[in-house]
Amino acid sequence: MNNKEWLRQLSNLTGLPYYEGHKVFGDKSGALIGIRDGYIVAVGPGKGEGGHAAIKILLRYAKAQDPKRVKEALDPAKGKFKQVTVDETSATLARTYSLGKPDAPGIAEELPKLLAVLKTSASPIDGKCEECGRAEPQMVLLNDIPTHYCSGCQVQLSQKLDAAAVEYEKLDTNLGLGLIYGIGAALLGSLAWGGVAYLLHRIFLWGAILIGVFVGKAVVMGIGKVNWSARVMIGVLTAGSVAFGDAIFYALTVMNQEHVTFMAALNAVLANYWKIETSPDGGAVSILFGLIGAGIVMYSTRKPSFKARFAPLGTPAVAVGSIGPK
Ligand SMILES: [Zn+2]
């Protein structure tokens with residue numbers, strides 16, 4: 001059964017309206033979105049941990065609840081939903097599967113059980129604006145998540161985020177300090193990389209990823225706001241750190257075998273560096289792994305999104321109470 005048929009079936013079983021166009025869980029087949037006992041309930045296909053196919057349930061309640069209490073209440077009732085993430089306004093449950101989707105009737109049976117325990121641990125929204133508490137029976141999507149949000153608070157949130165975006169643009173970028181921190185971290189990384197490789201007679205490619213993360217974080221700490229120069233700096237310093245770490249490793253090896261001083265060995269290594277590094281025993285791959293680590297930091301420090309996208313729910317494909325073809 002494809003996702004859309006499955007969602008139609010579940011909509012008929014639960015009475016939750018099916019919206020084909022709303023990607024609450026990121027899936028293009030949409031989701032069921034409705035209100036049960038004053039709580040917002042959404043169900044649909046999505047991705048669980050590790051990108052596994054999953055059926056997801058979103059439960060939303062009045063804000064500022066105790067997440068620990070909600071989780072303790074949901075845990076014994078979650079059934080085959082293994083992953084439960086809870087915050088002050090919502091709980092998300094995911095049931096991953098590998099072959100066939102779980103049966104819609106089974107999921108329909110789980111919902112009332114979850115709602116029953118939710119009632120013991122979190123207050124319902126009861127059709128009130130989640131910000132100011134004024135009556136707002138209509139749901140609206142805020143960045144794809146269903147919520148009750150009155151028009152006044154929608155305007156306020158947009159203005160607040162616009163102001164935050166302006167503040168972000170004003171943040172200073174301290175390239176000099178970023179460079180100093182970055183070079184320091186890169187040198188430490190080289191020493192650790194070369195030293196460990198020499199002592200243990202092997203290299204750990206994931207160690208190179210760590211160096212990338214370490215150098216990246218050091219640059220970010222010094223620089224403040226990450227821009228393109230910062231990203232280039234992180235990439236170059238990481239590659240340099242691992243490359244120089246390789247050089248230290250080769251130099252230590254030469255020093256030991258040829259009984260020369262470390263500096264003489266290092267000079268000899270640097271003079272033939274690319275030949276050694278790109279040889280079958282060379283460490284060129286480790287530089288790539290270092291750049292993966294650098295990439296992780298670059299990705300995690302990208303510009304935050306300051307957009308509040310409000311969208312009306314519109315008309316469902318299957319409305320409440322409709323009896324569809326079986
Ligand atoms: Zn409001």
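## Strands, cores and domains in a predicted model

Strand β7 (residues 140-142) pairs with β9 in the antiparallel sense, over 3 bridges. The model is predicted. Its protein chain averages a pLDDT of 89, and 97% of the residues score at least 70. The domain assignment gives domain 1 (3-144) and domain 2 (175-300). The centres of domain 1 and domain 2, taken over C-alpha atoms, are separated by 46 Å.

**The β8-β7-β9 sheet**

- This open sheet has 3 strands, in the order β8-β7-β9, and its pairing is antiparallel.
- β8 (145-147) and β9 (310-312) are the edge strands; each has a single partner strand, so one side of each is left without a neighbour in the sheet.
- From one strand to the next, the twist averages 40 degrees.
- Across the pairing of β7 and β9, Val140 stands opposite Pro312 in β9.
- Asp144 sits in the loop between β7 and β8.
- Asp144 is not a glycine, yet its phi is positive, at about 75 degrees.
- Is Asp144 buried or partly exposed? It is partly exposed, because 14 other C-beta atoms lie within 10 Å, and the buried class needs 20 or more.

- β2 and β3 run antiparallel and are joined by 5 bridges.
- Ile33 stands opposite Ala42 in β3.
- The hairpin of β2 and β3 has 2 residues between the strands.
- Asp37 lies in this loop, between β2 (31-36) and β3 (39-47).
- The phi of Asp37 is near 55 degrees, a positive value in a residue other than glycine.
- Asp37 counts as exposed because it has 12 C-beta neighbours inside 10 Å, and the exposed class takes in 12 or fewer.

- Gly46 has Ala54 in β4 as its bridge partner.
- Pro45 has Ile55 in β4 as its bridge partner.
- The hairpin of β3 and β4 has 5 residues between the strands. In its turn, Gly50 has a positive phi of about 70 degrees.
- β4 and strand β6 (residues 90-96) run antiparallel and are joined by 7 bridges.
- Lys56 stands opposite Ala94 in β6.
- How many residues of β3 are buried? The count is 8 of 9, so β3 is largely enclosed by the rest of the structure.
- In β4, 7 of the 8 residues are buried, so this strand too is largely enclosed by the rest of the structure.

**Nonpolar cores**

- In soluble globular proteins, nonpolar side chains tend to be buried together.
- The largest nonpolar core has 39 residues. Those that touch the most other members are Val215, Val219, Ile234, Val242, Ala247 and Ala251.
- Two or more residues of this core come from each of α5 (175-200), α6 (205-223), α7 (228-258), α8 (262-271) and α10 (284-300).
- Which element gives the most to this core? It is α7, with 13 residues.
- Leaving aside neighbours within four places in sequence, Val219 is in contact with Gly178, Tyr181, Gly182, Ala230, Met233, Ile234 and Leu237.

- Leu210 belongs to helix α6.
- Leu210 and Phe289 are 79 residues apart in sequence and 9.0 Å apart in space, C-alpha to C-alpha.
- Leu210 counts as partly exposed because it has 16 C-beta neighbours inside 10 Å.

**Confidence along the chain**

- Strand β1 (residues 18-19) has the highest mean pLDDT among the elements, at 96.
- Helix α9 (residues 273-277) has the lowest, at 85.
- Over residues 322-326 the pLDDT is below 50. Beyond near neighbours in sequence, this stretch has 4 contacts in the model.

Technical notes:
Residues are numbered from 1 along each chain as its sequence is written. This is a predicted model: local features need pLDDT of at least 70, side-chain atom pairs count only at pLDDT 80 or more; totals for chains, interfaces and linings use all residues. Two strands pair if DSSP finds at least two bridges between them. Helices (H or I, at least four residues) and strands (E, at least two) are DSSP runs, numbered from the N terminus. Axes are lines fitted to C-alpha atoms, for helices over the stretch in contact, and angles run from 0 to 180 degrees between N-to-C directions. A nonpolar core is a set of buried Ala, Val, Leu, Ile, Met, Phe, Trp, Tyr and Cys residues joined through C-beta atoms within 7 Å. Two residues are in contact if their C-beta atoms, placed from the backbone, lie within 7 Å. pLDDT is the predictor's confidence in each residue, from 0 to 100. Domain bounds come from an automatic or database domain assignment.
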